[in-house]
Amino acid sequence: MVMLGDLLAAARDHAEQLHRWLQACDPDFAEEIAAAAARDGQSPTGYVRAAVADFARHAGEEDWATLVSNLRESQDPGTICLLAMVHWRMTLPVCAHHVGSGR
């Protein structure tokens, strides 16, 4: 079972490992992340880190409640948590102020 802290440490210390993990976990989503990261002028790893930070700072009560509900039923909470946070960030409306600045 992968824990969120392990994934974040991999993102911080070994960008290539995180990218390989994303590709193995969900190749189509990994490509979406790479495209979103490129649009924001970031690496996929930087995008994932920003998504986690943005979720922690800006997600609403309903977003957190959904995440916690999904975690309760999961055998792999780290993966579920990370992917949910990235998906949340990818579905945010684009703000002209943040385009190209890492949102």
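## A tour of the helices

Select helices H5 and H6 to begin, and notice that they are roughly antiparallel to each other, because the angle at which they pack lies over the cut-off of 145 degrees. The structure on your screen is a predicted model, and H5 covers residues 61–72 while H6 covers residues 77–90. Two packed helices are described by the angle between their axes and the distance between the axes. For H5 and H6 that angle is about 155°, and their axes are 9 Å apart. If you turn the view, you can look for the right-handed crossing in which H5 passes H6.

Next, show the side chains where these two helices meet: on H5 they are Asp63, Trp64, Leu67, Asn70 and Leu71, and on H6 they are Pro77, Ile80, Cys81, Ala84, Met85 and Trp88. Coloured by class, the residues of this contact of H5 with H6 divide into nine nonpolar, one polar and one charged.

Now select Cys81, which lies in helix H6. Is Cys81 buried or exposed? Cys81 has a relative accessible area of 7%, and it counts as buried because this value is under 20%.

Move on to helix H3, residues 27–39, and helix H4, residues 44–58, which pack at an angle of about 90° with their axes 8 Å apart. H3 and H4 are therefore roughly perpendicular to each other. Where they meet, H3 brings Ile33, Ala34, Ala36 and Ala37, and H4 brings Pro44, Tyr47 and Val48. By class, this contact of H3 with H4 has seven nonpolar, no polar and no charged residues.

Finally, zoom out to the protein chain, which has six helices and zero strands. Buried residues make up 33% of its 103 residues. Among contacts with a separation of 6 or more, 65% join residues 24 or more positions apart.

Terms used:
Residues are numbered from 1 along each chain as its sequence is written. This is a predicted model: local features need pLDDT of at least 70, side-chain atom pairs count only at pLDDT 80 or more; totals for chains, interfaces and linings use all residues. Side-chain values use heavy atoms; hydrogens and water are left out. Axes are lines fitted to C-alpha atoms, for helices over the stretch in contact, and angles run from 0 to 180 degrees between N-to-C directions. Helices (H or I, at least four residues) and strands (E, at least two) are DSSP runs, numbered from the N terminus. Angles under 35 degrees count as roughly parallel, over 145 as roughly antiparallel, 65 to 115 as roughly perpendicular and the rest as oblique. A crossing is left-handed if the near helix is turned anticlockwise from the far one by less than a right angle, and right-handed if clockwise. Contact means heavy atoms within 4.5 Å. Ala, Val, Leu, Ile, Met, Phe, Trp, Tyr, Cys and Pro count as nonpolar, Asp, Glu, Lys and Arg as charged, and the others, Gly among them, as polar. Buried means under 20% relative accessible area, exposed over 50%, partly exposed in between (1.4 Å probe, protein chains only).
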